[in-house]
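Here is a short briefing on a single chain. Read it with the model open.

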Amino acid sequence: MLLNLEQISAIDPTSIWLDITPDEITGIDNAQLNQLCLTKLQTWLTDRSIPHQPSFSNDESSSIWDVVTGCAINIGNLRLILIPTENLDRSELRVPQEWVDLPNWVGDYYLGVQVDLDTQMMNIWGFVSHQTLKDRGRYAEIDRTYSLDSDLLISNLDLLWIAEELALAPRNVVAEPLNLSLERALELIQLLSQPSPYSPRLMVGFAEWGAIVNNPNLRSQLYQARIQKAAIVQAPNPTFRLVDWLQQEFTNALASGWESYRSVAVMSPAHNSTIERAKLIDLQVDLNCHTVVLLVGIIPEANERVRVIVRVHPAIGSRYLPPQLQLSYVDPDGNSLRTVTARTNDDYIQLPAYTCPVGMEFYLQLQLDNARSIERFIV
């Protein structure tokens with residue numbers, strides 16, 4: 001028989017048990033698991049009027065959770081590192097090396113967090129200081145983690161608040177990371193951003209890896225590059241060729257969402273010989289959805305070549321494009337080849353037209369803040 005939260009708390013009053021609602025565990029991934037862990041603890045602290053502040057902004061956390069598990073929160077002068085896991089084995093706490101050996105990541109205390117999606121409960125079951133983890137933990141080179149047996153963790157979390165009041169958490173000295181040249185940093189970002197279902201954290205030595213992820217700017221560049229290249233890989237193969245439009249063949253294009261621009265966009269100037277189709281693109285930024293119209297036009301030229309024209313307009317109901325909206329040609333690796341950016345009160349933006357041979361493949365990217373959309377074409 002499953003126990004409810006009150007019954008479990010009565011049996012184990014010294015650790016923290018929190019409910020998880022069903023809508024919080026739908027399609028959970030590493031980032032969502034860490035966000036759930038952080039949000040639940042913040043709610044618990046707020047309910048008890050304990051001042052706190054996440055150690056990293058939302059954007060910084062996203063770049064961290066893309067490659068490493070764990071989240072950080074400041075309570076008073078302490079930084080707590082929460083290590084969530086769905087593993088129900090509590091024989092040890094395993095902490096990624098980044099949280100232990102990087103000066104911008106290191107914490108005062110490390111908390112084991114068990115997330116049981118079946119019973120819809122989260123339990124913060126023990127903690128250990130940085131000094132104990134560093135001095136008595138076992139380091140595993142194979143996955144770059146420090147592990148500590150559970151009997152060396154303190155299960156009574158009331159003692160954590162006492163430690164915070166008495167400032168009983170001296171950290172071991174953490175060495176500064178390797179000083180990378182800009183050229184080497186960019187080489188590493190190019191290497192580490194290659195699409196993969198796994199985190200790239202073990203692809204290079206920890207000294208170089210740590211130098212990248214300890215630096216907020218380099219870590220953000222890596223995160224953006226990984227998102228961009230992942231979007232390129234996920235862009236669907238086109239079911240039509242642009243030259244089909246020259247024969248007025250739009251069946252497959254229509255099935256892919258490409259319509260006459262008159263039906264989805266404000267009227268725009270076009271040359272008489274230009275054949276255009278338009279597609280509504282939704283960009284979700286925070287809780288707001290920005291819909292714009294991507295127009296692609298072609299003009300036939302000699303020697304089996306066509307001229308490609310690309311514009312973006314506001315959708316019907318909007319007068320202007322969102323400021324800072326970017327329209328780019330990108331290569332198969334996600335690198336921008338040419339970009340135009342919407343200013344305040346721009347009612348359209350347009351990339352420079354270019355001529356290309358029939359059969360050529362190219363990619364267009366729309367980006368607004370961290371939201372992006374990739375469209376793939378074959379001429």
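A residue counts as exposed when its relative accessible area is over 50%, and as buried when that area is under 20%; partly exposed lies in between. By that cut-off Arg343, at 59% relative accessibility, counts as exposed. The model is predicted. The chain has 379 residues, and 47% of them count as buried.

**Overall build**

- The chain holds ten helices and 18 strands.
- Take the contacts between residues at least 6 apart in sequence: 62% of them join residues at least 24 apart.
- The chain exposes about 18,900 Å². Carbon and sulfur atoms supply 50% of that area.

**Salt bridges**

- The structure contains 13 salt bridges.
- Arg343 pairs with Asp346 in one of these, with an N to O distance of 3.3 Å.
- Glu98 forms a salt bridge with Arg201, and their closest N and O atoms are 2.8 Å apart. Glu98 belongs to helix H4 and Arg201 to the loop between helix H7 (182-192) and helix H8 (206-214), so the bridge ties together parts 103 residues apart in sequence.
- Glu98 is buried, with a relative accessible area of 0%. Arg201 also counts as buried, at 11% relative accessibility.
- Arg138 and Glu92 form a salt bridge, with the closest N and O atoms 3.0 Å apart. This pair links distant parts of the chain: Arg138 is in strand E8 (residues 138-140) and Glu92 in strand E5, 46 residues apart.
- Arg138 is partly exposed at 40% relative accessibility. Glu92 is partly exposed too, with a relative accessible area of 25%.
- Both residues belong to a network of salt bridges that links Glu92, Arg94, Arg138, Asp143 and Asp149.

**Second largest pocket**

- The volume of the second largest pocket is about 500 Å³.
- Its lining has 22 residues. Thr69, Ile83, Pro84, Thr85 and Arg94 lie nearest the centre.
- Strand E4 (78-85), strand E5 (92-96) and strand E6 (109-116) each supply at least two lining residues.
- E5 provides the largest share of the lining, four residues.

- Helix H3 (residues 58-65) has four named buried residues: Ser61, Ser63, Ile64 and Trp65.
- Their cover includes helix H2 (30-47), strand E3 (71-75), helix H4 (98-101) and helix H9 (216-234).
- A search of the whole structure finds one cavity of 30 Å³ or more. The largest cavity holds about 40 Å³ of space.
- Leu38, Phe56, Ser61, Ile64, Trp65, Gly70, Cys71, Ala72 and Trp99 line the largest cavity.
- H3 and E3 each supply at least two residues of this lining. H3 gives the most, with three residues.

**Arg277**

- Arg277 is located in strand E10 (residues 275-285). It counts as buried, at 16% relative accessibility.
- Beyond its neighbours within four places in sequence, Arg277 is in contact with Trp245, Phe250, Trp258, Glu259, Ser260, Leu294, Leu295 and Val296.
- The C-alpha atoms of Arg277 and Val296 are separated by 5.7 Å, and the two residues are 19 residues apart along the chain.

**Positive phi angles**

- Asn303 has a positive phi of about 60 degrees, although it is not a glycine. Glu304 is likewise a residue other than glycine with positive phi, near 55 degrees.
- Asn303 sits in the loop between strand E11 (288-301) and strand E12 (305-314). Glu304 is found in the loop between E11 and E12.
- Asn303 is exposed, with a relative accessible area of 70%. Glu304 counts as exposed at 66% relative accessibility.

**Nonpolar surface patch**

- Ile154, Leu159 and Ile162 make a nonpolar surface patch of about 230 Å².
- Leu159 lies in helix H6 (residues 158-166). At 41% relative accessibility, Leu159 counts as partly exposed.

Notes. Residues numbered from 1 in each chain as written. Predicted model: local features only at pLDDT ≥ 70, side-chain atom pairs only at ≥ 80, totals over all residues. Heavy atoms only, no water. Patch = residues over 30% accessible without salt bridge, like charges linked within 9 Å, V, L, I, M, F, W, Y side chains within 5 Å. Areas by Shrake-Rupley, 256 points an atom, 1.4 Å probe, with all protein chains shown as cover. Salt bridge = Lys/Arg side-chain N within 4 Å of Asp/Glu carboxyl O. Buried < 20%, exposed > 50% of the residue type's maximum accessible area, 1.4 Å probe, protein only. Contact = heavy atoms within 4.5 Å. 1 Å grid on protein atoms, 1.4 Å probe; cavity = no way out; pocket = protein on both sides within 12 Å on 5 of 7 lines; lining within 4 Å. Points joined across faces, edges and corners; volume = space filled by probe spheres on them.
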